[in-house]
Amino acid sequence: MTTTITPVIAGNWKMNGSRASLSELQELAALLTTGDAPRAMVIICPPATMLHAVASQGSTSGILAGGQDCHAQAAGAHTGDLSAGMLADAGAQYVIVGHSERRADHGETDPAIRAKAEAAMGAGLKPIICIGETESQRDSGHAEAVVAGQLAASVPDAAGQHDVIIAYEPVWAIGTGRTPTNDEIARMHDRIRALLVERFGDKGATTPILYGGSIKPQNAREILAIENVNGGLVGGASLLAKDFYTIISAV
Ligand code: PEP
């Protein structure tokens with residue numbers, strides 16, 4: 001892990017959780033405040049219904065809150081959507097954009113994701129921009145080209161001046177219990193780092209690159225130790241406080 005970048009561990013609760021799940025947040029907060037001080041910045045991205053509660057209850061233990069998506073517009077006739085400003089108003093400091101489940105379920109394209117990331121930055125949020133290849137793209141030898149294309153098209157030029165986080169999440173590793181080999185993760189993260197430096201210079205050298213896809217307490221330590229892996233985006237294992245804390249402690 002690159003030492004000049006503060007590691008980030010972000011939990012994506014997806015469409016899981018209710019007010020009862022706040023007990024997990026309280027348990028995590030207790031673990032974080034009584035255990036060794038975490039080396040990582042800890043973010044939880046709950047469903048929007050719980051964002052305000054997570055932001056206010058997490059703040060005492062240093063847990064930051066993030067949204068799972070935002071609209072590219074600031075306001076208007078977009079039933080069911082939330083703007084980045086609304087997420088910020090609810091206490092979010094981050095927002096995930098371009099998660100593969102949104103790319104697949106809602107047909108989100110790279111330009112749409114770029115517009116969302118721009119809206120997030122405009123509202124004072126830090127976007128966590130997700131990129132990653134499908135299994136068939138990897139099997140056909142196109143993984144690096146796909147990821148490079150997504151990086152070029154979904155990361156705004158303004159990322160040269162604003163803080164953004166990149167999350168490399170191979171689609172086939174999300175929620176499957178399968179992960180790339182450490183070498184494959186290292187190769188992809190090195191490539192992403194090189195592309196960020198080429199485009200954004202020093203800012204690209206310090207942009208956190210998270211790995212996401214079936215990070216578990218059992219594999220966190222070795223994945224998070226890989227060069228240019230600056231933390232993790234964690235789905236399933238972020239739902240249970242003890243598992244998530246183990247992953248945070250693995251940094
Ligand atoms: C994710 O959805 O971003 C993710 C990484 O999920 P999981 O950890 O469950 O694979």
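**Ground rules.** I am working with a predicted model, where local features need pLDDT of at least 70, side-chain atom pairs count only at pLDDT 80 or more, and totals for chains, interfaces and linings use all residues. Residues are numbered from 1 along each chain as its sequence is written, and side-chain values use heavy atoms, with hydrogens and water left out.

**Ligand site.** I started with the shell and found 14 residues around the ligand, the closest being Lys14, Glu169, Gly175, Ser214 and Gly235; a residue counts as near if one of its heavy atoms lies within 4 Å. By class, I noted four nonpolar, eight polar and two charged residues in this shell.

Next I looked up backbone distances to ligand oxygen atoms. For glycine 175, a backbone N or O atom sits 2.7 Å from one. A polar backbone atom of glycine 235 is 2.8 Å from a ligand oxygen, and for glycine 236 the value is 2.9 Å. The protein covers 97% of the 290 Å² of accessible area that the ligand has on its own (Shrake-Rupley method, 1.4 Å probe).

**Two positive phi values.** Most residues other than glycine have a negative phi. Lysine 14 is not a glycine, yet its phi is positive, about 50°; I found lysine 14 in the loop between strand E1 (8-12) and helix H1 (22-34). Helices (H or I, at least four residues) and strands (E, at least two) are DSSP runs, numbered from the N terminus.

Asparagine 228 also has a positive phi, of about 70°, and lies in the loop between helix H10 (220-224) and strand E8 (231-234). Is asparagine 228 buried or exposed? Asparagine 228 is buried because its relative accessible area is 10%, where buried means under 20%, exposed over 50%, and partly exposed in between (1.4 Å probe, protein chains only).

**Helix H5.** I then turned to H5 (residues 110-122), whose buried residues include Ile113, Ala117 and Met121. Among the elements covering the buried residues are helix H3 (84-89) and strand E5 (126-131), with contact meaning heavy atoms within 4.5 Å. After H5 comes glycine 124, with a positive phi near 85°.

**Serine 136.** My last stop was helix H6 (residues 135-139), which holds serine 136. Serine 136 is exposed, as its relative accessible area is 53%.

Methods. A polar contact is a pair of N or O atoms within 3.5 Å; within protein, one must be able to donate a hydrogen and the other to accept it, and residues adjacent in sequence count only if both atoms are side-chain atoms. Ala, Val, Leu, Ile, Met, Phe, Trp, Tyr, Cys and Pro count as nonpolar, Asp, Glu, Lys and Arg as charged, and the others, Gly among them, as polar.
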